[in-house]
Amino acid sequence: MAHEHIVKSFDSELARLYGELKRMGELSVRQLTDAGAILLARDAAAADQLIANDGEIDALERDVSTDVLRLLALRQPMARDLREVYSALKIAADIERVGDLAANVAKRSKVLNLSAVIPAVAGLPALIELAAELVREAIQSYLSRDAELAKRVRERDAELDQLYTRIFREVLTYMAEDARMITACTHLLFIAKNIERIGDHATNIAESAWFVVHGEAMIEARTKRDGTTG
């Protein structure tokens with residue numbers, strides 16, 4: 001009976017941990033999609049509110065860290081249980097960075113509001129939508145222990161790279177045609193890069209999900225399609 005109680009208690013604590021990660025993921029994706037809407041609407045007040053909301057994600061990450069340390073100290077998990085607990089800590093850090101990057105998009109959108117509308121902004125919704133989808137699916141792959149979904153998320157990061165490269169080149173062309181817009185376009189490039197980086201964090205989460213299921217890292221190198229460094 002004592003062993004059964006310990007197992008149920010551990011399962012309950014793991015469920016709490018998964019709930020915190022699920023909530024973090026929902027908040028980070030909402031922050032990202034809201035940042036995109038704010039960017040298009042040129043709404044500085046809404047940008048300030050989004051930036052302030054980032055604190056909730058930070059607080060949840062601290063809760064996850066506390067729960068992980070307690071589980072490690074009191075339960076001393078082994079094998080797959082240990083992988084799940086360890087991966088939760090890494091995933092929480094990646095989700096927190098997604099929230100930070102979404103807040104950065106909102107911060108730079110306020111600067112863009114001071115300039116004329118840049119046509120290349122129209123390409124950002126598709127980039128944001130794909131990044132949000134990858135984050136959602138990556139977290140789901142961990143919560144449902146779906147290694148194949150994790151693998152697909154990792155592979156689809158290349159799609160995000162391609163979209164980012166297209167926007168990057170479009171913005172460079174616009175800068176070359178109108179030197180007065182160089183400062184605003186530079187902020188737009190940072191925004192696009194922040195979104196591309198969110199894809200990298202989604203990939204990290206997917207790799208953690210794969211590790212939980214298989215007990216080993218993915219061997220294949222990531223497929224990258226970022227053509228902005230060539």
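Reader: Let's start with Pro77: buried or exposed?
Author: Pro77 is buried, with a relative accessible area of 8%. Buried means under 20%, exposed over 50%, and partly exposed in between, using a 1.4 Å probe on protein chains only.

Reader: Before I go on, what sort of model is this?
Author: This is a predicted model, where local features need pLDDT of at least 70 and side-chain atom pairs count only at pLDDT 80 or more, while totals for chains, interfaces and linings use all residues. Residues are numbered from 1 along each chain as its sequence is written, and side-chain values use heavy atoms, with hydrogens and water left out.

Reader: Thanks. Back to Pro77: where is it found, and what does it touch?
Author: Pro77 is in the loop between H2 and H3. Not counting residues up to four places away in sequence, Pro77 touches Phe10, Leu71, Leu72, Leu82 and Val85; contact means heavy atoms within 4.5 Å. Phe10 is 67 residues from Pro77 along the chain, and their C-alpha atoms are separated by 9.1 Å.

Reader: And the chain as a whole, how many helices and strands?
Author: Six helices and zero strands, so the elements run α-α-α-α-α-α from the N terminus on. Helices (H or I, at least four residues) and strands (E, at least two) are DSSP runs, numbered from the N terminus.

Reader: What box do the C-alpha atoms fill?
Author: Roughly 75 × 40 × 20 Å, taken along the principal axes. Of the 230 residues in the protein chain, 47% are buried. Among contacts between residues at least 6 apart in sequence, 84% join residues at least 24 apart.

Reader: How do H2 and H3 pack?
Author: At an angle of about 170°, with their axes 9 Å apart. That makes H2 roughly antiparallel to H3. Axes are lines fitted to C-alpha atoms, for helices over the stretch in contact, and angles run from 0 to 180 degrees between N-to-C directions. Under 35 degrees counts as roughly parallel, over 145 as roughly antiparallel, 65 to 115 as roughly perpendicular and the rest as oblique.

Reader: Which residue classes make up the contact of H2 with H3?
Author: There are 19 nonpolar, three polar and eight charged residues. Ala, Val, Leu, Ile, Met, Phe, Trp, Tyr, Cys and Pro count as nonpolar, Asp, Glu, Lys and Arg as charged, and the others, Gly among them, as polar.

Reader: Next pair! How do H3 and H4 cross?
Author: Their axes come within 12 Å and cross at roughly 170°, which makes H3 roughly antiparallel to H4. From H3, the contact uses Glu84, Ser87, Ala88, Ile91, Ile95 and Val98, and from H4 Val135, Ile139 and Tyr142. By class, the contact of H3 with H4 has seven nonpolar, one polar and one charged residues.

Reader: What about H4 and H5?
Author: The axes of H4 (residues 124–143) and H5 (residues 147–177) come within 10 Å, crossing at roughly 165°. That makes H4 roughly antiparallel to H5. The residues of the contact of H4 with H5 divide into 14 nonpolar, two polar and five charged.

Reader: Changing topic: what is the phi of Arg42, and where is its place?
Author: Arg42 has a positive phi of about 55° although it is not a glycine, and its place is in the loop between H1 and H2. Most residues other than glycine have a negative phi. Arg42 is partly exposed, with a relative accessible area of 31%.

Reader: And what about Arg145?
Author: Phi of Arg145 is near 55°, also a positive value in a residue other than glycine. Arg145 lies in the loop between H4 and H5 and is buried, with a relative accessible area of 18%.

Reader: Last one: where does Glu170 lie?
Author: Glu170 lies in helix H5 and is partly exposed, at 39% relative accessible area. Leaving aside neighbours within four places in sequence, Glu170 is in contact with Pro119 and Ala120.
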